[in-house]
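Subject: Structure handover

Hello,

Please open it first, then read the notes below.

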Amino acid sequence: MGIKDLLKFMKPYIVPIHINKYSGKRVGVDAFSWLHKGAYSCSMELALNTKGEKGRRYLQYCMHHINLLRHNGITPVVVFDGGSIPCKSNTASERRRRRNANHALAKEKLDQGNVNAAIELFQKAVHITPEMAHQLIQILKTENIEFVVAPYEADSQLAYLSTLEPDQGGISAVITEDSDLMAYGCQAIIFKMDRYGNAQEILMDNVFNSLSDGPSFKHFDIELFTGMCVMAGCDFLPSIPDIGIKRAHSLVSKYRNLDSVLSILKIRKEKQMPDDYVKSFKKAIAVFRHALIYDPGKKTLKNMKPLPDSILQSLDGDLDILGPDLPTSIAISIAEGCMNPITKEVFDSKAHDQLHTSITVRKASTIHIRRQQDSQTPYRNEIGTSIFSIGEMSEEKIKAEPEALEKYSNESIALRKLLLPMKSYKAEKKAEDKVLDFPDNNPFKKRKLVNSDAETAVVVARTVTEQTISEVTNVESGKSKKKESVDSLPLLFTEKNLKASIETKSKMSGSKSKSKSKVMTTKKGSITSFFMRKTAS
DNA sequence: GCCCAGAGCTCGT
DNA sequence: GCTCTGGGC
Ligand SMILES: [Mg+2]
């Protein structure tokens with residue numbers, strides 16, 4: 001969705017250029033734009049997962065555009081989307097629903113022998129998978145082209161990179177199709193680049209100088225501009241009825257202060273404004289200013305801009321809306337293209353060897369939460385993932401005291417198996433016949449069984465070796481369930497509308513952590529437990 | 001004039 | 001993701 005009507009509104013500031021203007025510069029690329037356009041050249045092959053060269057035309061499309069940049073003396077920095085942040089609007093799931101419907105229709109037409117009709121429908125089912133991104137990354141690696149997979153939105157990652165100096169890994173401009181880049185405060189943005197390098201550019205310096213015709217931003221700064229964007233309607237918050245880009249701009253121009261505008265709106269639109277609008281507004285602003293991004297220099301996650309205490313308060317301590325934090329090793333593996341940013345599975349065993357060393361001493365426990373759909377709240381958590389760290393060892397320490405690694409080895413083995421793709425589980429199953437280390441009930445598969453419109457939700461907690469989940473309490477009834485030892489028994493909650501507090505205790509480090517989650521179960525309760533046998537003999 | 005909802009389109013022969 | 005269109009006020 002981007003910012004509603006923003007591109008049209010900013011048209012007076014958009015000028016045609018040729019990308020050779022950026023010769024000698026580093027320029028960021030929103031990979032999604034090109035992957036998505038390229039996918040139209042082979043929609044059927046992608047949908048049917050056809051083997052062969054035709055199904056890779058989207059890669060040719062991307063590489064053509066990337067090579068065009070290189071031919072013009074530009075150093076491309078390709079940025080991929082990672083996971084989705086919790087508070088994004090449900091238009092994404094709406095789109096997915098339409099795509100799936102079109103995919104099914106396309107297959108019917110194909111069975112009837114109507115290939116042209118099928119292709120038309122397959123095109124309406126086009127979508128980008130992490131695997132497709134991974135395929136492009138493989139090429140970028142061999143071609144020595146810089147890239148990074150953002151922990152969450154590519155937009156914020158690109159905006160962050162454009163704040164850095166070129167010698168610090170920064171970029172001079174961003175190529176994208178998404179107006180959100182303006183709201184994120186990106187200085188130079190290039191839209192609609194065609195196959196010859198013709199494009200349209202906007203420079204935010206020109207916007208704030210407001211020398212050309214069009215809406216004036218003379219008294220705006222980037223904070224006010226972002227406020228205008230949120231007010232006009234963005235992915236994180238729908239606008240108040242009858243407030244569009246024009247009125248948002250007028251209000252911000254007049255009062256030059258976001259709190260003042262919000263007060264005025266509260267009075268003027270008291271019936272139309274949701275009770276929590278101001279709170280949601282501040283949260284949306286916080287995402288545009290402080291989203292969680294990957295710092296390629298330090299190889300760690302951080303906020304796009306440092307998080308002041310004042311913002312922390314307006315978030316109610318809910319930092320997850322900026323993107324849930326991830327262990328550093330996971331973030332690195334994702335950023336370097338070794339790990340699926342959504343499922344957290346490694347892409348292949350070869351990539352697994354390239355994983356950061358400290359990953360071997362981490363424990364992963366993922367909790368998938370699908371909250372009850374609640375029309376009153378604009379924020380909806382679809383899936384949340386938590387990965388708990390139980391300890392870290394530097395490469396130096398491992399070399400100095402290899403025996404120290406021993407105590408982690410069980411976990412290491414378990415974690416490797418956890419992270420390996422499903423193929424490997426199946427291989428083990430065959431090799432060991434009926435004796436299974438891992439039953440064939442991958443929670444990631446189960447997640448797909450959960451309907452996107454299901455009113456209820458699944459929580460699957462997976463434990464690896466030493467983790468214990470000591471107690472699950474039903475807050476409403478006060479009843480609690482205790483688990484003496486769950487070394488090999490993760491929990492599955494099948495009660496309906498369970499509101500539970502979960503205490504997690506690490507045997508290895510002795511540290512305890514508590515977490516509370518709203519827990520709901522599947523409608524049909526058809527999910528079975530996931531077991532992981534202790535690997536210690 | 002402005003907002004909104006809906007429908008069509010992104011490749012390439 | 002964007003753009004165009006037509007209808008509402
Ligand atoms: Mg966006």
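How many aromatic pairs does a search of the whole structure find? The search finds nine. Rings of Phe, Tyr and Trp (its six-membered ring) pair if their centres lie within 6.5 Å; planes under 30 degrees apart count as stacked, over 60 as edge-to-face and the rest as tilted.

First, the ground rules. This is a predicted model, where local features need pLDDT of at least 70, side-chain atom pairs count only at pLDDT 80 or more, and totals for chains, interfaces and linings use all residues. Residues are numbered from 1 along each chain as its sequence is written, chains are lettered from A and ligands numbered from 1 in the order in which they are written, and side-chain values use heavy atoms, with hydrogens and water left out.

**Aromatic pairs**

Tyrosine 184 and phenylalanine 288 pair edge-to-face, at 4.8 Å centre to centre and 65° between the planes. Tyrosine 184 sits in the loop between α9 and β6 (188–191), phenylalanine 288 in helix α14 (residues 277–290), 104 residues apart. Helices (H or I, at least four residues) and strands (E, at least two) are DSSP runs, numbered from the N terminus. Both tyrosine 184 and phenylalanine 288 are buried (under 20% relative accessible area, with a 1.4 Å probe and protein chains only).

Tyrosine 277 and phenylalanine 281 form a tilted pair: 6.0 Å centre to centre, 45° between the planes. Both lie in helix α14, four residues apart, about one turn of the helix. Ring pairs also link Phe9, Tyr13, Phe208, Phe217, Phe220 and Phe225 into a cluster.

**Magnesium ion**

The protein donors are Asp155 (OD), Asp178 (OD) and Asp180 (OD), 2.2 to 2.4 Å from the ion. Donors are N, O and S atoms within 2.8 Å of the metal (3.2 Å for Na, K and Ca); water is not among the atoms, so sites may look incomplete. The donor spacing along the chain is D-x22-D-x1-D. Aspartate 155 and aspartate 178 are both buried.

**DNA strand B**

A polar backbone atom of aspartate 242 is 2.5 Å from a phosphate oxygen. For glutamine 123, a side-chain N or O atom is 3.2 Å from a base nitrogen. Helix α12 gives the largest share of the nearby surface, three residues.

Best wishes

Conventions
Buried means under 20% relative accessible area, exposed over 50%, partly exposed in between (1.4 Å probe, protein chains only). A polar contact is a pair of N or O atoms within 3.5 Å; within protein, one must be able to donate a hydrogen and the other to accept it, and residues adjacent in sequence count only if both atoms are side-chain atoms.
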